[in-house]
Amino acid sequence: METVPSVLKKYFGFSNFKPYQREVIEKIIERRDCLVVMATGSGKSLCYQVPPLVVKKTGIVVSPLISLMQDQVMALKQRGIRAEYLGSAQKDFTVHSKAERGQFDILFMTPEKACTVPTSFWSNLLKAGISLFAVDEAHCISEWGHGFREKYKHLDKLREVLLDVPFVGLTATATEKVRFEIISSLKMDNPYVTIGSFDRTNLFYGVKPLNRGQSFIDELVWEISKEVATGGSTIIYCTTIKDVEQVFKSFTKAGIEAGMYHGQMNGKAREESHRLFVRDELQVMVATIAFGMGINKPNIRQVIHYGCPKSLESYYQESGRCGRDGIASVCWLYYTRSDFAKGNFYCRDVKSEKQRKAVMESLLAAKRYCVLTTCRRKFLLEYFGEKFSADRCGNCDNCKVSKKERDMSTEAPSDEILTSNNVVQHLVMKYGNHFLQVIQKLSQGLNLSLDGEERVPTAILKTNTVTKVSPLTNKYKKLTSAKFEAWKMWHNGLSIHDIANLEVRSAPIREQTVVEYLLKAAQKGLPFYWVRFNKMIGLTQEIMSEIQLAISKVVSTEKLKPIKNELPEDISYQHIKTYLSMQNCGISLETNQYGSNQTGKDDELAHNASNLSDCTLETCPDRQCEDDTSVKALAEERDLEMDEVPSLPVNGSEEEKLSNAREGKFTRKRQRVSETKEVNSTRLKATVTSVIEWMKNLDEGATLSNIFEHFNGSSEDSVVELLNCLECDFLIYRKGNVYRVL
Ligand SMILES: Nc1ncnc2c1ncn2[C@@H]1O[C@H](COP(=O)(O)OP(=O)(O)OP(=O)(O)O)[C@@H](O)[C@H]1O
């Protein structure tokens, strides 16, 4: 028999267990019943996937959805595990007979199938050997559970057939009542119960009221497009198919590719949508809750609920699809009060008073969560019976803002609103006008839409010449999400050390890696505080002068090692790379513009590049150089952005040295650089720095045509793109036709 760790390594490639996995696996191998209640994404599947491979007997897994089973079977087969499923969609009729002969390691079944296969199937399979009978999404057993499925209730009959087979219930969402019902329904005998923490520390939870209507959806699309631009995926859950279609259309209108998924689409269309999203070919999925069970996509950065879900359990499960890789991610829930009036609708299929009560209680809990003014995480965790000793988690909207937003209209119990409507009229009379005036003034100042007013989101603003969707899509798409995340944290004030050692990561990353991420972000044009950065890595003006000297000696910046060899020991590769990145970004190295700036002022906006920035940096063919990969990356980057680097003319001797050093294969690039220089000498290019610097001095702001005219060295398209970028970063804002620095 193979050992548990060796199976973990051999089939799944993991060297360590996640919390609780090992204990559960061992108990199952000892043939003990188990109830596993662990958060979404905590690794429950492995608990039933490993034992069959260790004891070499089929493991039966009951799962609620065919598509989910198909995905799992496919993934397991790719790992060399013999997996199959039995259900109405199975077209291979040999699976049944192979299964009862014990030819599969893991066999998935719908609850319907498990309850209807003939007893002979089980007796044959028992002869071959069954390692476990697992019920995934086990909360479906309970009438108190949010996804009650009648057939799950009938699984208890199998207990009498599968004597001696360990029964395993697994779920991510089970309150105490639900846990109790799972245990008793499956007739578990002295089960080993594991309840992991429900706390997903990397998830931010927030709630906002919504106004149904197109202008609200346009705003939402705009908000989401900012995240899309950073490369992360987003799921938007809607409560109705009509909403799915409306939100989906708005994305299409805004030029953002999105997928759609709901129960009325045919199987093929749903499958296609699902596939494109999982493979990152679509970054946005607009769906009903039909989408997502078993989605194991690690890089979902936000889950938005457009409308309140019917229970807090569903909310926890759906929002839990976000941030499975442990990176900070956000869950926003938008609700209207009418969402809470859907109780009767949700009860339409219930068959008992107990179920009706359960549905109503779950909806009430969701409502409480929406109107909560205290910590949302604490509320969520305590709902699932987990103690959260602190009063504030620091990572939900209520903990992050000091002035809490509240939907005041829901403060009074609904029956009181009914009977006391005159109470309300009085408040409207007294304060209504004042409120309206303040809101109107604020909205105008911030260029926000008011109810019923159509506003074209900035993302799809039409200019004279082009219609642009968020330019971030193009600009930052090349930045991987890890790099962008690192930059965001840095931008929000975290140190390099903090970012490298973030608690939510399973293991720290090297500080050197963080430095490289940040430099990449800087080179991509993201706002960057060079003074702070350089202070942190100890790059002083003196060191930069020494690096400059070293480069002039070795002539080339093609490889870092020769430069390093010219420098004292304490000047590191990190210093050299930073220096080169600054060059690449067009940051001045002159003392009066850089070194004397100790105030942290916008020194990074200085844009006179030193003549060294004209040195071309070719990809490094020499694999011996310690930092080859980085050199190569820098070079590629630099090549890519070459046109954007504002340059001063290279003096004769420097150019001579360069031309001597770069014969043959480098000629083309040199030509390109000198062409750029020629253009630069007469026409001004728009870059982050040049635009901001120029606009800073314009009290009246600048219109688009002013900007085109001034930066006539850049195409109008790229100017618009850059302006949109700056607007997204809140570096500039636009009111009417005029842009100003923020
Ligand atoms: N021991 C491990 N080491 C590293 N990664 C693991 C380990 N076990 C599981 N994982 C990974 O964790 C992720 C989540 O696992 P899994 O899908 O089993 O979670 P789950 O608890 O079943 O989630 P859900 O309730 O949402 O279905 C997967 O990508 C899986 O490969």
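Analyst: Start with an open sheet of seven strands, ordered S3-S4-S2-S5-S6-S1-S7 and paired in parallel. Strands pair if DSSP finds at least two bridges between them. Helices (H or I, at least four residues) and strands (E, at least two) are DSSP runs, numbered from the N terminus.

User: Which strands stand at the edges of that sheet?

Analyst: S3 (83–86) and S7 (192–195) do; each has a single partner strand, so one side of each has no neighbour in the sheet. On average, neighbouring strands are turned by 15° against each other, direction ignored. Axes are lines fitted to C-alpha atoms, for helices over the stretch in contact, and angles run from 0 to 180 degrees between N-to-C directions.

User: Before we go on, what kind of model is this?

Analyst: This is a predicted model: local features need pLDDT of at least 70, side-chain atom pairs count only at pLDDT 80 or more, and totals for chains, interfaces and linings use all residues. Residues are numbered from 1 along each chain as its sequence is written.

User: Back to the sheet. How many bridges pair S5 with S6?

Analyst: Three, in the parallel sense, between S5 (residues 130–135) and S6 (residues 167–171). Ala 134 has Val 168 in S6 as its bridge partner.

User: Which strands does helix H3 lie across?

Analyst: H3 (residues 45–55) lies across S1 (34–37), S2 (58–62), S4 (106–109), S5 and S6. H3 runs at about 170° to S5. Helix H4 (residues 66–78) also packs on the sheet, touching S3 and S4, and its direction makes about 160° with that of S3. Contact here means C-beta atoms, placed from the backbone, within 7 Å.

User: And how do H1 and H3 cross?

Analyst: At roughly 105°, with the axes of H1 (residues 4–12) and H3 coming within 10 Å. That makes H1 roughly perpendicular to H3. The cut-offs: under 35 degrees is roughly parallel, over 145 roughly antiparallel, 65 to 115 roughly perpendicular, and the rest oblique.

User: Which residues meet there?

Analyst: Val 4, Val 7, Leu 8, Tyr 11 and Phe 12 of H1 meet Leu 46, Val 50, Leu 53 and Val 54 of H3. By class, that contact has nine nonpolar, no polar and no charged residues. Ala, Val, Leu, Ile, Met, Phe, Trp, Tyr, Cys and Pro count as nonpolar, Asp, Glu, Lys and Arg as charged, and the others, Gly among them, as polar.

User: What is the strand order in the six-stranded sheet?

Analyst: S8-S13-S12-S9-S11-S10, an open sheet with parallel pairing. Its edge strands, S8 (203–209) and S10 (258–261), each pair on one side only. Five bridges join S12 (residues 300–306) to S13 (residues 329–335). His 305 stands opposite Leu 333 in S13.

User: Last one: at what angle do H26 and H28 pack?

Analyst: About 80°, with the axes of H26 (residues 541–554) and H28 (residues 573–585) 10 Å apart. The two are therefore roughly perpendicular.

Methods
Contact = placed C-beta atoms within 7 Å.
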